[in-house]
Amino acid sequence: MKIGIVLSRTPSYSETFFNSKIKGLIKSGHEVFLFVQYAEPDFKLCPTKIAPQLSKRNPILQLKSFLRVGWVMARNIQKIKKFINLEREVNRSWSQIFKNIFNNAHILNTKVDWLHFGFATQAIQSENVAAAIGAKMGVSLRGYDMDVYPLKHKRPYDLLWKKVDKVHAISNYMMQRAYQEGLSANKNFQIITPAIEVAQFEFNKSKNWEQPKFLTIGRLHWIKGLQYTLEALAILAKKGIDFTYTIVGAGAEQEELLYTVHQLSLENHVYFVGKKSHEETMRYLSEANIYLQYSLSEGFCNAVLEAQASGAFCIVSDGGALAENILHGKTGMVLPKRNPMALAQMIEEVLDLPISKIEEIVATARNRIKNDFDLKSQEKSFSSFFEN
């Protein structure tokens with residue numbers, strides 16, 4: 001079976017979700033292609049097809065792109081005709097149709113059995129491509145697709161829901177959000193959660209639970225709830241609790257968060273270390289003893305899986321699918337979002353737990369990750385997604 005996966009760029013080494021998906025499909029005997037706008041030179045997992053690029057500064061490159069698209073149209077007249085007819089059926093303007101032909105030329109020039117969009121937002125304006133090339137259409141639903149994009153665009157997936165053959169969601173929460181956004185309950189779907197290579201993460205059994213070392217990994221974005229986390233930690237600092245809080249990640253909110261740290265007098269407690277490599281991030285996970293993910297919403301959150309595999313005690317909000325990631329009282333603690341006082345109280349309760357209880361919860365979390373969220377089982381699930 002030939003499977004084409006549409007992404008904005010080739011996945012980096014640390015993006016285990018897509019890399020494992022590609023590896024698993026190839027192991028199962030499928031031929032995999034990536035359709036991307038940008039490809040890293042060192043990406044070798046599977047063949048890549050790069051979208052034509054518009055260069056406003058270089059007219060020669062722009063001419064080459066138009067000639068390339070013209071060549072694709074000339075060689076694929078029947079596919080182009082079918083695509084145009086499908087576009088006209090949904091009342092798209094001629095200017096938008098030609099724009100869509102240009103942006104999808106690298107796909108319209110290919111024959112695959114399945115065309116799978118790695119994110120729902122990437123399928124917008126490409127909803128008719130799969131039918132035009134005679135392929136089945138799949139799509140993955142992730143956090144930004146369901147939680148953020150629909151806030152800015154009213155019912156953006158109506159056409160996608162009609163055209164897609166099968167939906168992949170990374171959590172039950174994502175499926176419920178899709179239904180709220182208009183997906184039919186009769187549509188074929190499969191839930192496949194993120195997974196990690198558990199063996200990569202050293203289970204640190206000698207953590208010092210007497211000295212709190214908090215950690216959060218993620219982009220500096222409002223949805224991560226970092227403002228609320230800092231307010232909760234300020235409550236602990238005022239009570240004289242000594243701790244360090246390391247935030248791994250970068251983003252547009254850094255300046256605002258730095259000012260919050262200053263206002264809350266947390267300069268001696270909070271450390272922004274920026275975006276780190278996968279190896280460096282694993283070191284931070286190994287050193288931390290309590291992992292905090294007090295997000296407003298998460299599609300699932302790989303970082304929480306990695307924290308559990310590393311032996312950190314996880315405290316998370318009930319935002320999105322975090323309550324599917326952590327089982328409250330068994331593999332960590334889950335509490336309502338947007339409540340700094342409740343978070344501070346929960347952290348104090350965890351710090352007061354007997355070390356034996358903490359170690360029991362941490363061990364249970366590690367075993368659950370090993371049994372339920374390992375890459376090997378995820379690889380089999382993705383193969384069955386396309387085969388069934």
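Trainee: What makes Gly-182 stand out after helix H9 in this model?

Mentor: Its phi is positive, near 110°, and Gly-182 follows H9. Keep in mind that we are looking at a predicted model.

Trainee: Which residues of H9 are buried, and how do you know that they share a side?

Mentor: The buried residues of H9, which spans residues 172–180, are Met-174, Met-175, Arg-177 and Ala-178. They cover an arc of only 160° around the axis, so they sit on the same side of H9.

Trainee: What covers the buried residues of H9?

Mentor: The cover includes strands E5 (136–141), E6 (166–169) and E7 (189–191), along with helices H7 (143–152) and H8 (158–163).

Trainee: Why is Asn-289 called buried?

Mentor: Buried means under 20% relative accessible area. Asn-289 has a relative accessible area of 3%, so the word buried applies. You will find Asn-289 in the loop between helix H12 (278–287) and E11.

Trainee: What does the side chain of Asn-289 reach?

Mentor: It reaches the backbone oxygen of Asn-208, at 2.8 Å. Leaving aside residues up to four places away in sequence, Asn-289 touches several others, including Lys-207, Trp-209, Pro-212 and Phe-313.

Trainee: Why is the pair Arg-92 and Glu-127 called a salt bridge?

Mentor: The cut-off for a side-chain nitrogen of Lys or Arg and a carboxyl oxygen of Asp or Glu is 4 Å. In this pair the closest N and O atoms are 2.9 Å apart, and the two residues form a salt bridge.

Trainee: What makes that pair a link between distant parts of the chain?

Mentor: The two residues are 35 residues apart. Arg-92 is in the loop between helix H3 (77–89) and helix H4 (94–103), while Glu-127 is in the loop between strand E4 (114–117) and helix H6 (129–132). Both Arg-92 and Glu-127 are buried, and together with Glu-87 they are linked in a network of salt bridges.

Trainee: How many salt bridges does a search of the whole structure find?

Mentor: Nine. One of them joins Glu-298 and Lys-224, with the closest N and O atoms 2.8 Å apart. That pair also links distant parts of the chain, 74 residues apart. Both Glu-298 and Lys-224 are buried.

Trainee: Arg-155 forms a salt bridge with Asp-158. Are these residues buried, exposed or partly exposed?

Mentor: Arg-155 has a relative accessible area of 44%, so it is partly exposed. Asp-158, at 28% relative accessibility, therefore counts as partly exposed as well. Their closest N and O atoms are 3.0 Å apart.

Trainee: Let's turn to the sheet. In what order do its six strands run?

Mentor: The order is E10-E9-E8-E11-E12-E13, the sheet is open, and the pairing is parallel.

Trainee: Why are E10 and E13 said to stand at the edges?

Mentor: Strand E10 (270–274) and strand E13 (333–335) each have a single partner strand, so one side of each is left without a neighbour in the sheet. From one strand to the next, the twist averages 20°.

Trainee: How do you know that E8 and E11 pair?

Mentor: Pairing needs at least two bridges. Two bridges join E8 to E11, and these strands run parallel. For Phe-214, the bridge partner in E11 is Ile-290.

Trainee: Which helix packs on the sheet?

Mentor: Helix H15, residues 340–351, touches E8, E11, strand E12 (313–317) and E13. The direction of H15 makes about 160° with that of E13.

How values were computed
Residues numbered from 1 in each chain as written. Predicted model: local features only at pLDDT ≥ 70, side-chain atom pairs only at ≥ 80, totals over all residues. Heavy atoms only, no water. Helix = DSSP H or I, 4+ residues; strand = E, 2+ residues; numbered from the N terminus. Buried < 20%, exposed > 50% of the residue type's maximum accessible area, 1.4 Å probe, protein only. Polar contact = N/O pair within 3.5 Å; in protein donor to acceptor, adjacent residues only side chain to side chain. Contact = heavy atoms within 4.5 Å. Arc of directions from axis to C-beta. Axes fitted to C-alpha atoms, helices over the stretch in contact; angles between N-to-C directions.
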